[in-house]
Amino acid sequence: MGEVALSNGQSHSLNGYRKSCWYEEEIEDNLRWCFALNSILHTGASQYQDIALLDTKPFGKALVIDGKLQSAETDEFIYHECLVHPPVLHHPNPKNVFIMGGGEGSTARELLRHNTIDQVIMCDIDEEVVDFCKSYLVANGEAFCDPRLKVIINDARAELEAGEERYDVIVGDLADPIDGGPCYKLYTKSFYEFTVKPRLKEGGIFVTQAGPAGIFSHTEVFSSIYNTLRQVFKYVVAYSAHIPSYADIWGWVMASDFPLELNAEEIDLRMRQRIKGENRYLDGKTFSSASTLSKVVRNSLDNETHVYTEEAARFIHGHGKHT
């Protein structure tokens, strides 16, 4: 669990020494990640999760949920560009998108840059997180005010199962699967097969964030999510990128029953035609690189046999509120 603690270490200043306040997150049993804080801007709790907004020295404002850093001001663009643009650009004419989770608003922001999109549904279970982010994350204020965005407070599974509408793209922007957290059931084969897939239009594409994808960390959940989606969809593409504030490489997986085969030049062309403004991170060559995984990760994904189910769930390190 992440925690804020006054460090015993001292940092030099012109006036001698001063103590710094540090945020600390336990990544593994024997590995912790710390960074210095300017201040704790806000803390709160919902019935589902503990929430904090920190002003950090290296990464600006950072949103922390259940002790896990979700998003930091200086590098969230890497995560959100990678989550949103590959599936939307691979679709020939995406009109409507359903976001599972995404209460922060950054996923909606990136989607709404696409001129083909008429409607974005953002479905987050936690109204406190959505209201919190509306109030404190000013970069997404314009997205929350866009008339194409509809915010629904509900469990994403319940919303998809109750509705009749089908979507061109469904985005899984959920919290990581942690023991006792609210989201791990939305990474299962049954959920993908019986809830997500029937809500995709013909030619539809699903994408999910898929946890750490580093040389050592990719076996926590990334390889399992990839293999699970292979059981449900005909075409599955895994890709990854380094996110400094996460202290690791992060993974995403997109899946469809239609080929996902754009080359770098085709991606760049669709970006110029469809996206308002310039991406900071992702272009065609970057995606080609991101989807070319290292030998060790590639071998793990090819040989993974675990299928994610509620009975055989895998979790990243950490514990949710209801463990």
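I looked up Val 97 first: its bridge partner in β8 is Val 120. Strand β7 (residues 96-101) and strand β8 (residues 119-124) run parallel and are joined by 5 bridges. For my own reference, strands (E, at least two residues) and helices (H or I, at least four residues) are DSSP runs, numbered from the N terminus, and two strands pair if DSSP finds at least two bridges between them.

Note on the source: this is a predicted model, where local features need pLDDT of at least 70 and side-chain atom pairs count only at pLDDT 80 or more, while totals for chains, interfaces and linings use all residues. Residues are numbered from 1 along each chain as its sequence is written, and side-chain values use heavy atoms, with hydrogens and water left out.

Next I traced the open sheet of 7 strands, and I read its order as β9-β8-β7-β10-β11-β13-β12, with mixed pairing. The edge strands, β9 (149-153) and β12 (235-243), each pair on one side only. On average, neighbouring strands here are turned by 15° against each other, direction ignored.

Then I checked a hairpin: β3 and β4 form it with 4 residues between them. Strand β3 (residues 31-45) and strand β4 (residues 50-56) are antiparallel, with 7 bridges joining them. I found Gly 44 opposite Ile 51 in β4.

On to helix packing. I have the axes of helix α1 (residues 76-90) and helix α8 (residues 264-274) coming within 10 Å and crossing at roughly 95° (axes are lines fitted to C-alpha atoms, for helices over the stretch in contact, and angles run from 0 to 180 degrees between N-to-C directions). That makes α1 roughly perpendicular to α8 (65 to 115 degrees; under 35 is roughly parallel, over 145 roughly antiparallel, the rest oblique). Val 88, Leu 89 and His 90 of α1 meet Ile 267, Arg 270, Met 271 and Arg 274 of α8.

The axes of helix α7 (residues 222-230) and helix α10 (residues 295-303) come within 8 Å and cross at roughly 45°, so I logged α7 and α10 as oblique to each other. I noted the contact (heavy atoms within 4.5 Å) as Phe 222, Ser 223, Tyr 226 and Arg 230 of α7 with Val 297, Leu 301 and Asp 302 of α10.

Last, I looked at the domains, whose bounds come from an automatic or database domain assignment. The chain is divided into domain 1 (22-70) and domain 2 (75-303). Their contact takes 16 residues from domain 1 and 17 residues from domain 2, and 23 Å separate the two centres, taken over C-alpha atoms.
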